[in-house]
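Subject: Handing over the structure

Dear colleague,

I am passing this structure on to you, together with some notes on what was found in it. Please look through the sequence and the model before reading further.

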Amino acid sequence: MNHRLPVMQLEPGKSGLASRTARAKMHTMPHPSTWLKVLPAGLFCEPGGFFIDPLRAVDRAVITHAHSDHARPGHHAVLASPDTLALMTARLGDGRAGETQQALGWGEPLQMADVRLWLEPAGHVLGSAQVAMEYRGSRAVVSGDYKRAADPTCAGFVPVPCDVFVTEATFALPVFRHPPPEQEIGRLLASVALFPDRTHVVGCYALGKCQRLIALLREAGWDGPIWLHGALAALCQVYEARGVALGDLRPATSAAKNALVGAIVLAPPGAVADRWARRLADPVVAMASGWMRVRQRAKSRGVELPLVISDHADWDELNATLDEVGAPEVWVTHGREEALIHAAGARGIKGRALRLVGYGEEDEAEDAVEPEAPAA
């Protein structure tokens, strides 16, 4: 049986601005600021009695996705999508990803005290969710981290009209306009063809970026083995167990140096500049990140081949999303708040910076070399 909660549709011909105006006139609804609070532990839904992506251990947590700055250990009860729970357990260990866990499917409504809650895809990584909440006719949606580009490894973002949209702003500056990921993968494969005697090592985050790169390479026709730093293997196994086929993956650590000539190797960003990379054959150092749009970042890391592939929405996508959801008010959790709030205000959308400390860019959180997974 399909329990998916219908997503509210705009009336035919009605723009996001018209929808915002209509919803703003509903004076009888309690404003989300009266029931969605910013506390030291994070964003708290008071009538529902739960936190969203709390920054410290709490009694009840709703988790948007399994990145370490959003999914922390020690909560008593955790609610998330089934894929997020599987990834959290793999990363944190049994019992640390919530003493009790509850999985919620896409669009499946759940009553939590006085609040109706459901999850919709965020398109960020496998299992990433937006948290939609309704309380006495008032609707707020917390996006978590999200992207709008298609991704073969996770469900795509679903816009949910609301009264307040709580968004990230990681790349909320006009300079950040991400190219099509297929174009960047094409650049990588062209370099592999140009330098067949060298190993191409691509720095990428262990959860989401790694698996997306693999899937994009497969879509582009690369059917040979893809070699992995040991720290990436375990989460690839979770993806495959959850139905995301990744093809022939092999451990780079145990490979002979000559076996990696002309190969593509994926590793955590910190490993590509570490002594670990010395085992590779005259490596071409690449990095896959939205931050590779900033040339100085690429240069400072010694990146020869910067690949602008991001798992976050860019400037145009962030603004388009605000228009699609039609909320008269936007709250920004973290990132480049000022620019996005200014752009929203120019279109009649009220903005508020929450400045939640503790969320950050996952790519930069992985600068340190992760320990490799033990050999099977």
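Predicted model: local features only at pLDDT ≥ 70, side-chain atom pairs only at ≥ 80, totals over all residues.

Residues are numbered from 1 along each chain as its sequence is written, and side-chain values use heavy atoms, with hydrogens and water left out.

The chain has 376 residues, of which 56% are buried (buried means under 20% relative accessible area, exposed over 50%, and partly exposed in between, with a 1.4 Å probe and protein chains only). Its secondary structure comes to nine helices and 19 strands, where helices (H or I, at least four residues) and strands (E, at least two) are DSSP runs numbered from the N terminus. Of the contacts between residues at least 6 apart in sequence, 63% join residues at least 24 apart, a contact being heavy atoms within 4.5 Å.

The sheet comes next. Six strands form an open sheet in the order E1-E2-E3-E4-E5-E6, with mixed pairing; two strands pair if DSSP finds at least two bridges between them. The edge strands are E1 and E6 (100-103), each of which pairs on one side only, and the twist averages 30 degrees from one strand to the next (axes are lines fitted to C-alpha atoms, for helices over the stretch in contact, and angles run from 0 to 180 degrees between N-to-C directions). Strands of a sheet pair through backbone hydrogen bonds, either parallel or antiparallel.

Within this sheet, E1 (residues 36-39) and E2 (residues 42-45) pair in the antiparallel sense over four bridges, and a hairpin of two residues joins E1 to E2, with leucine 39 standing opposite glycine 42 in E2. E2 also runs antiparallel to E3 (residues 50-52), to which three bridges join it; here cysteine 45 has phenylalanine 50 in E3 as its bridge partner. The hairpin of E2 and E3 has four residues between the strands, and in it glycine 49 takes a positive phi near 75 degrees. By contrast, E4 (residues 60-62) and E5 (residues 77-80) pair in the parallel sense over three bridges, and the bridge partner of valine 62 in E5 is leucine 79.

Turning to the helices, the axes of H7 (residues 315-325) and H8 (residues 337-345) come within 11 Å and cross at roughly 45 degrees. That makes H7 oblique to H8, since angles under 35 degrees count as roughly parallel, over 145 as roughly antiparallel, 65 to 115 as roughly perpendicular and the rest as oblique. The contact is made by Trp315, Leu318, Asn319 and Leu322 of H7 and by Ala339, Leu340, Ala343 and Ala344 of H8.

Finally, two arginines deserve a look. Arginine 136, in the loop between E9 (129-135) and E10 (138-142), has a phi near 50 degrees, a positive value in a residue other than glycine, and it counts as exposed because its relative accessibility is 62%. Arginine 355, which lies in the loop between E19 (350-353) and H9 (362-365), has a positive phi of about 50 degrees although it is not a glycine, and at 52% relative accessibility it counts as exposed.
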